[in-house]
Amino acid sequence: MLSIRRSLLTLAKEQKDLFLLLCNLRARFVSTDNYDPPFSPLSKPTKPPKEKKKTKKKQDQSSELKIPMISDLPFDFRYSYSETNPEIEPIGFREPKRFSPFGPGRLDRKWTGTSALVSPEIDQSQWVEERARVLGEPLTEEEVTELVERYRHSDCSRQINLGKGGVTHNMIDDIHNHWKKAEAVRIKCLGVPTLDMDNICFHLEEKSGGKIVYRHINILVLYRGRNYDPKSRPIIPLMLWKPYPPIYPRLVKNVADGLTFEETKEMRNRGIHSPALMKLTRNGVYVNVVGRVREEFETEEIVRLDCTHVGMSDCKRIGVKLKDLVPCVPILFKDEQIILWRGKRNGEEELFSLCENFNPEQ
C-alpha cells in the first residue's frame, strides 16, 4: 500500500512540474504582450514621424562657375621668395606641373612647377607709383622712435615668425592682415634665412610694399605706410598646400672644380679632422656666420662647421647660401658636418700657371 501511495505522489509531482514548465514557456515565448518582468523600463510612446519639408536649394551661379582670381601684383608667385633662386633651372620635378598649389581653376596664372608666371600685361611702373603713394612722406625721427618702441618688444601681439621657409607667399597675406589693425608688424627671423638678412629685407619690402623702419640682428619692424587703406589692399591668392620642391643639380661634385680626385679626397680628410670654426644650433640666428667664415679663409684653406642636431636638409641649405655669400666651395656634407674650401684665389691661379709654363732650359 505504501509503495502504491508513493508512486502516485511522484506522478502527481511530475505532472505539476511539467505544468509549471509549460506555463513558464508560454509566458515567455507565446504571449510577449503581457510579459512584464520586475524593474523593466517603461516603453515610451512612439511619436509619429515628421514629414520632411521639401526645401528648394538655391542655385548659386558663383559656386557652379569657378571664376579664377585675378591679381595685379607684378611678380611671379613662388612658395618662397627669399630661399629660391629663379636663375637656377631644376632638372626634374617630384609632381606633375598640372598640380597647382593654388587649387584647380582658382588662379589666372599658369603654374610651371616652381612659380606662377606674371602676365606681361601688368604694368610694373604703376605698382611702383602706387607703392610710393601708399608710403607717403618719410617718417620723422620722433615718429620712427615712437613706432619702434611700440612694436620692437618681444611681448608685441603683432608678430610674425619667419622660419627656414623664408619669405613665403602666404606670409605676404599675413602681413596685410596685421596691417588692418596696426601700423606696423614685428618679424622675428630664425634659421637658415638669417644668413642673409639683406635678402629678407629686400623681399619683404618689394613683395608687401611696406618699409623696414627697424632692424636689430634678427628682429625687423615693417611699416605699412601713411596712406595705407585696408580696403584697397592687393589681391593675394593663397597657396592651399606646400608644393614639392623640384630636383636641382648636385651641390657637391665628386671632384671639386680646379682639383684632382686625390686632392679633393685629401681636402675632405683634412676638413673632417680639423677643429670646428663654430657650432650651429637648430633654428638659431646665423647672422655672423658669413663674416666668421670670411675671416677664417684669410688664414685657412679649409673650414668645418659643426651642425649637430641641425638636420641634413638645413645643412645643405646653409651650404648653398655660403657658396654665394662668402664665396666658397662646399666639398663635403657628412654626419651633419659642413666642409668648405675657399677655392683657388687669383694669386694662387697665377702662380700655378707660371709653374706649369716654366721651362728650366730657357
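The structure holds 0 disulfides, a disulfide being a pair of cysteine sulfur atoms within 2.5 Å. Cys 307 is in no disulfide, and the nearest cysteine sulfur, that of Cys 315, is 4.1 Å away. This is a predicted model, in which local features need pLDDT of at least 70 and side-chain atom pairs count only at pLDDT 80 or more, while totals for chains, interfaces and linings use all residues. Residues are numbered from 1 along each chain as its sequence is written, and side-chain values use heavy atoms, with hydrogens and water left out.

**Cysteines**

- Cys 307 is buried, with a relative accessible area of 0%; buried means under 20% relative accessible area, exposed over 50%, and partly exposed in between (1.4 Å probe, protein chains only).
- Cys 328 is also buried, its relative accessible area being 6%.

- Helix H5 spans residues 169-179 and is mostly covered, with 8 of its 11 residues buried; helices (H or I, at least four residues) and strands (E, at least two) are DSSP runs, numbered from the N terminus.
- The buried residues of H5 are His 169, Met 171, Ile 172, Asp 173, Ile 175, His 176, His 178 and Trp 179.
- Their cover includes strands E1 (77-78), E3 (159-162), E4 (184-189) and E6 (219-223), together with helix H6 (197-208).

- Leaving aside neighbours within four places in sequence, His 176 is in contact (heavy atoms within 4.5 Å) with Ser 208, Tyr 228, Arg 233, Pro 234 and Ile 236.
- His 178 is buried too, at a relative accessible area of 16%.
- Not counting residues up to four places away in sequence, His 178 touches Ser 157, Arg 158, Gln 159, Ile 160 and Val 185.

**Nonpolar cores**

- A nonpolar core is a set of buried Ala, Val, Leu, Ile, Met, Phe, Trp, Tyr and Cys residues joined through side-chain atoms within 4.5 Å.
- The largest nonpolar core has 30 residues, of which Phe 77, Ile 175, Ile 187, Ile 200, Leu 204 and Leu 220 touch the most other members.
- Helix H3 (124-135), E3, H5, E4, H6 and E6 each supply at least two residues of this core.
- Apart from this core lies another, of 23 residues, including Val 192, Leu 277, Val 289 and Leu 340.
- Beyond its neighbours within four places in sequence, Phe 77 has contacts that include Phe 102, Leu 107, Trp 111, His 169 and Pro 237.
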